[in-house]
Amino acid sequence: MFVELVPLLQETVVVPSLFQEFLAAQADPDGGHRLYDLYAEEAPVAFEGRLLRKGEVDREAFAQAHRDICLQGIGRLPVFESVEIVSDNVEEDGGLAVGWFSARELGDGQLANVALGLRLEGGDWRIGWCLVASALQYWSYSQGLLQTLAEYPWLLADQPVLPRSSLDASYCRLFRQSAVDLSFLPETRFGCHMSGACCKFDYNIALPPAAQVLIDAIPWEGIKPALKGTKLEVRSDGQLQLKANRETCRFLDERRQCLIHQTLGRQPFGPCAVFPFAFAQTPDGVAVSTSLVCGSVRNRLGPSLSDRQDDVRERLFLAPVRSPDGFRLAPALEIPWESFRRVETILLQLLDYSHVPLHQRLYAGNRLLDALRRNEPIDLSAWLEEPPGLLADEYRATLRTYLSKIFDWDRRAFAGLPRGLSLDLHHDRLRDEPVVVDILRNLLFSKVYSYPYDLTTAHNMSILLYVLTVIMQSSVEGPLPDELWQELAALGGHGLLASLLPDSAPQGLKELLGSSEFGQWALWY
Ligand code: SF4
């Protein structure tokens, strides 16, 4: 796969001087015109949120955008000095060259390996790409171009500082990882065991449009010829559809390896790189939850999250972090973050009381939320023992209709359930309780339900998920198949809320699903 490279002769002076010129123009807010001229016509550049060839961008507009980015990023964009050339090579046809430099970033004092791809254009050497690599590599010009294109899908996303080029983007990805405090559930573990479950599961994955340029640039003829010419479908929102529900991703090979990851040595697509993690911003830092669709997370295999924080931080750089618009006890009942965190902690602890039946723990959590809302006395010990109440027939009928509608959703896993599934709830049929508890704790901790939803809605969703689990377990002999566990985990991740309470749902329904009464009815059902 590596291209035979030979040392440069007369170009040995050109390569370092072009790199120095590039760095000077990049660092200068008024250097946009010079930077534009230094780039080859084919060089990929990020412009107005899109990935384009330099030749497609107006010189004046490019210079203006460069100036704006420089001014916005003063004090935050990387500044390189002490540049030393490490190696330079020209490819056999003499029109393409790759140079490697060691450069120190001024603020961090970090030594970086920088690669520069040059191409001969009209008798002059021009810059085709430039980026920081984790180690010196024997890249050909086109391999370096591919690595550069891999920076773009996330380079175009919102980042703490807008990069001027792929050089900035790759440096920040490798060396400017967020130092934010991370919190996670202590029991969470993860190590990829290449089950491929995440690439096959029944959900959509969307990518930014720049991903298509990267897919086009991959030399598929030497990897999997059938994928040559692959064009991802453009959705109505302008995003690209990597895979639809019920589809296995076309880039997953027979050995359950991702061909994109294999080819590039890392995963450039944000949704894939981030899985199974999800991030929620809080005033204390970032809460890291995990998808239990992944068998490794569900079965607690692999290192704990506290032992893989560097990995989590690198992924954090590639993913959107959901931000709250407030913290709520119940719909429209805003509370301070400290109170929210305290109540969430008690609910999580209650779920861990393994000596008490799970439905009773959920009931105590429900009563706690109700008492807090009404400003009434709290007595968790009594609630953990209180016998269930009686549900009026009309509510039971409404809940039955609700549950049967959920089982009618067009989901691959539900199709495997027995026809005429009994909707009766038998608490004593609960099995594999630790896995169910992990799913429910993750549901609460993920805070998906808190933005813009709230603790009571979140807790009600966990009760509903418990009810669905027991109904499924009552209908299947032995352990639930993986497909059903994945479905329950996905419903706990965001599926129940997104499907039951889309933004467009009537206010009355939002209030009902966010009321403590709803949680109680579901438990007494
Ligand atoms: S691109 Fe790779 S990691 Fe992402 S879904 Fe496809 S096979 Fe899986």
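## Ring pairs and a domain interface

By the ring rule, this predicted model holds 18 aromatic pairs. Rings of Phe, Tyr and Trp (its six-membered ring) pair if their centres lie within 6.5 Å; planes under 30 degrees apart count as stacked, over 60 as edge-to-face and the rest as tilted. Y395 and W521 form a stacked pair, with 4.1 Å from centre to centre and 15° between the planes. Y395 belongs to helix 15 (residues 393-407) and W521 to helix 21 (residues 516-524), so the pair ties together parts 126 residues apart in sequence. Helices are DSSP runs (H or I, at least four residues), numbered from the N terminus. Ring pairs also link F22, Y36, Y39 and F62 into a cluster.

Residues are numbered from 1 along each chain as its sequence is written. Local features need pLDDT of at least 70, and side-chain atom pairs count only at pLDDT 80 or more, while totals for chains, interfaces and linings use all residues.

| Lysine | Ring | Distance from ring centre |
|---|---|---|
| K54 | Y36 | 4.4 Å |
| K447 | F445 | 4.1 Å |

An automatic or database assignment divides the protein into domain 1 (5-175), domain 2 (182-316) and domain 3 (328-524). The contact (heavy atoms within 4.5 Å) between domain 1 and domain 2 takes 10 residues from domain 1 and 13 residues from domain 2. Across this interface the rule finds two salt bridges, each a side-chain nitrogen of Lys or Arg within 4 Å of a carboxyl oxygen of Asp or Glu.

How values were computed:
Heavy atoms only, no water. Helix = DSSP H or I, 4+ residues; strand = E, 2+ residues; numbered from the N terminus. Lys NZ or Arg CZ within 6 Å of the ring centre and 35° of its normal.
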